[in-house]
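I opened the file to look up a metal site, a pocket and a strand. My entries follow the order in which I went through them.

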Amino acid sequence: MENCLFCKIIAGEIPAQKMYEDDDMIIIKDIDPKAKNHFLCIPKTHFKLLAEMTEEQAETLKRCLKKIPTLEKELELKGGYRLVINQGDDAGQSVFHLHIHILSGQKMGWTPA
Ligand code: AMP
Ligand code: ZN
């Protein structure tokens with residue numbers, strides 16, 4: 001998708017700290033971490049919202065979700081982790097290419113705004 005930051009990162013046009021990549025996804029370090037370890041799992045297929053997801057994209061997202069716990073060492077998930085998908089403006093979504101935040105490395109309180 002033109003003018004999408006994450007599509008450009010996937011295409012290698014913008015640099016990122018890549019932790020993992022396969023045919024379905026790329027996992028990078030978040031540039032502005034909100035936890036000790038903060039990664040973004042970005043499906044390679046471009047869509048903005050769960051509400052707009054096709055069946056095929058849902059299958060890709062399922063493979064992403066199944067992959068994440070297998071990367072315990074690389075993503076430092078051992079003590080537990082949180083997955084977040086921001087959906088829309090009220091949730092603070094700033095990049096409109098659906099992605100899963102992976103937060104770990106410390107005990108996290110539950111403090112929604
Ligand atoms: P969201 O607000 O849920 O759309 O999440 C977007 C995330 O992308 C934020 O946590 C940003 O810090 C992160 N981000 C923005 N630009 C970059 C970049 N160039 N490389 C890595 N992460 C980025
Ligand atoms: Zn995109």
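The entries below cover conventions, the metal site, the pocket and the strand.

**Conventions.** I worked with a predicted model, in which local features need pLDDT of at least 70 and side-chain atom pairs count only at pLDDT 80 or more, while totals for chains, interfaces and linings use all residues. Residues are numbered from 1 along each chain as its sequence is written, chains are lettered from A and ligands numbered from 1 in the order in which they are written, and side-chain values use heavy atoms, with hydrogens and water left out.

**Zinc site.** I looked up the protein donors of the zinc ion (ligand 2) and found Cys4 (SG), Cys7 (SG), His46 (ND1) and His97 (ND1), at 2.0 to 2.3 Å from it. Donors are N, O and S atoms within 2.8 Å of the metal (3.2 Å for Na, K and Ca); water is not among the atoms, so sites may look incomplete. The donor residues follow the spacing C-x2-C-x38-H-x50-H. Helices (H or I, at least four residues) and strands (E, at least two) are DSSP runs, numbered from the N terminus.

I noted angles of 105 to 116 degrees among the four donor atoms, and the site is tetrahedral (four donors, all angles between 85 and 135 degrees). The ideal angle for four tetrahedral donors is 109.5 degrees.

I then checked accessibility: Cys4 is buried at a relative accessible area of 6%, and His46 is partly exposed at 24%. Buried means under 20% relative accessible area, exposed over 50%, and partly exposed in between (1.4 Å probe, protein chains only).

**Strand β5.** I found five of the five residues of β5 (residues 100-104) buried, so the strand is largely enclosed by the rest of the structure. Ile100, Ile102 and Ser104 point one way, His101 and Leu103 the other. In a regular strand the side chains alternate between the two faces of the sheet.

Which strands pair with β5 in the antiparallel sense? I recorded β3, over five bridges, and β4 (residues 81-84), over four; two strands pair if DSSP finds at least two bridges between them. Ser104 is the bridge partner of Asn37, and Tyr81 also stands opposite Ser104.

**Pocket lining.** For the second largest pocket I noted that β3 gives the largest share of the lining, four residues.

Notes. Tetrahedral: all angles 85-135°; square planar, octahedral: opposite > 155°, others 65-115°.
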